[in-house]
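Student: I am new to this structure and would like to learn how to read its features. Could we go through a few together?

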Amino acid sequence: MTETQRAPRDADWPRRYASRLFYSDALVVAATLAIYGWIALDQLVRPVSWPDGPSIPYWAFLVVLGLVWLLSLDAIDTRDRHMIGHGITEYRRIVNATVIVFALVIAVAFFLRVDIARSIFVVTLPLGLVGLLLSRWLWRQWLRRRQRQGSYVFRAIVAGERSKIAHIASQIQRTPDSGYVIIGALTTGGVRAIGDIPVLGHFADAGSAVERAGADTFIVAGSDELDPQTMRRLGWEMADRDVNWVVAPTLTDVAGPRIHARPVAGLPLVHIDFPTLAGYKRVAKRAFDLVGSLIMILVLSPIMVVTAIAIRVDGRGPVIYRQTRVGRGGVEFGMLKFRSMVANADDQLASLLDVQGTTDQPLFKVTDDPRITRVGRFIRKHSIDELPQLFNVLTGSMSLVGPRPQRAAEVALYDDDAHRRMLVKPGMSGLWQVSGRSTLSWEDTIRLDLYYVENWSFTQDIQILFRTIRAVLVPGDSAH
């Protein structure tokens, strides 16, 4: 076993981590209200009052607001141990809790005719929300570092058929920030290891296997031998040992907000919502693209001007490179980029792919590409070459976030699953770009693109854009 597998059981870490989040939230809320009090110092000397009612000092109103804010964060389960530290649900709940608090303040002020300064909504709401989201993100980075060191993880045993165990283990192992470490398996067909997962015995050995391995989580993957009576007995054994009981359905790449559990006739039925990007959602995404691209064009125009001059000085050829790509629904469009290669780069692509033996792979990437210019190497590393695509976003052929558009020759190599990535507009940035960039295989790339298509949400788009900014500023070795 590895060092992580031999590490002692620590089933209490979610509670300790949630406690840290509580104190962090309290500090952020207190700091936000203190900053507002300093900015609006003249308001603090005025009482908060309403007709035919008592008045209270403004500082007391801020204290009450802070307490209600913290209660709202707790009531909406922003520190629920089942989802903290992973996914976007935690961030979405923080936004919901904060909006609810200020909506409540507005409602109370309206119905009781309380005179409250409008500056509290203009300053405190955005400042506090950004502070809470930033603090949770920082805590998540702290958690990731601890998990990479083998602590603050769920040590899990998986029970089920060998093929299902292998599938669950591979999905968890390819996601290093899942928070789970598979330390053993229970299955039929002997004690032969499943990949690098040791088999600890049969289903009947569940209790002793959990104790021997020091597991704190038991994942049921499914098997014909796991009938309802056996499942009930296993559940009792895990409950007696205070072990987390997890049932893994044969579903993959489904985001949490799409999953709804509903007990029916004693059966825990799991409902899965199908993703939709229509109606007001499509309008909201397009509006976000329009506003975002306009702002970015204005802000980044000096960089684009300097880049154009550098490309012109570096060598012959056009500054802007226009290439035909396949967009939403298979419609072709001209994607714009700053030229980062020599003028006749496309004519050399086929021979370079043939030399490295990748002509049959959908990602037409050349290792150590000799066509890249000196300026091109820099602007590609920092994704500056992609900036002209803001005009593609502005005209509607692309989105700020979405699967990357590919050439028609690459699309011709798609299988049926890969064609689903064209259900949405292609994007300047996407989930796979912020998850590994050039180091990902085609299989991982298409898996992440399909995850984005199947689980689209506005919150996920915002998260990807923030991760894109970090990837551009600190590109690392995976950027080429």
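**Strands, a loop and a patch**

Tutor: Gladly! This is a predicted model. Let us begin with a pair of residues facing each other across two strands: R322 stands opposite L336 in β11.

Student: How many bridges join strand β10 to β11?

Tutor: There are 7 bridges between β10 (residues 320–326) and β11, and the two strands run antiparallel. They form a hairpin with 5 residues between them. In that turn, G329 has a positive phi of about 70°.

Student: Why is β11 described as largely enclosed by the rest of the structure?

Tutor: Buried means under 20% relative accessible area. In β11 (residues 332–338), 5 of the 7 residues are buried, so the strand is largely enclosed.

Student: Where is E386, and is this residue buried or exposed?

Tutor: Look in the loop between α12 (374–381) and α13 (389–395) for E386. Its relative accessibility is 16%, so E386 counts as buried.

Student: Which side chains make polar contacts with the side chain of E386?

Tutor: One partner is the side chain of Q389, at 2.3 Å. Another is the side chain of R404, at 3.0 Å. Leaving aside residues up to four places away in sequence, E386 touches K337, R404 and M428.

Student: Which residues form a nonpolar patch on the surface?

Tutor: L104, V108, F110, F111 and L112 do, and together they have about 550 Å² of accessible area. Take V108 from helix α5 (residues 89–112): with a relative accessible area of 37%, V108 is partly exposed.

Methods
Residues numbered from 1 in each chain as written. Predicted model: local features only at pLDDT ≥ 70, side-chain atom pairs only at ≥ 80, totals over all residues. Heavy atoms only, no water. Helix = DSSP H or I, 4+ residues; strand = E, 2+ residues; numbered from the N terminus. Buried < 20%, exposed > 50% of the residue type's maximum accessible area, 1.4 Å probe, protein only. Polar contact = N/O pair within 3.5 Å; in protein donor to acceptor, adjacent residues only side chain to side chain. Contact = heavy atoms within 4.5 Å. Pairing = 2+ DSSP bridges. Patch = residues over 30% accessible without salt bridge, like charges linked within 9 Å, V, L, I, M, F, W, Y side chains within 5 Å. Areas by Shrake-Rupley, 256 points an atom, 1.4 Å probe, with all protein chains shown as cover. Salt bridge = Lys/Arg side-chain N within 4 Å of Asp/Glu carboxyl O.
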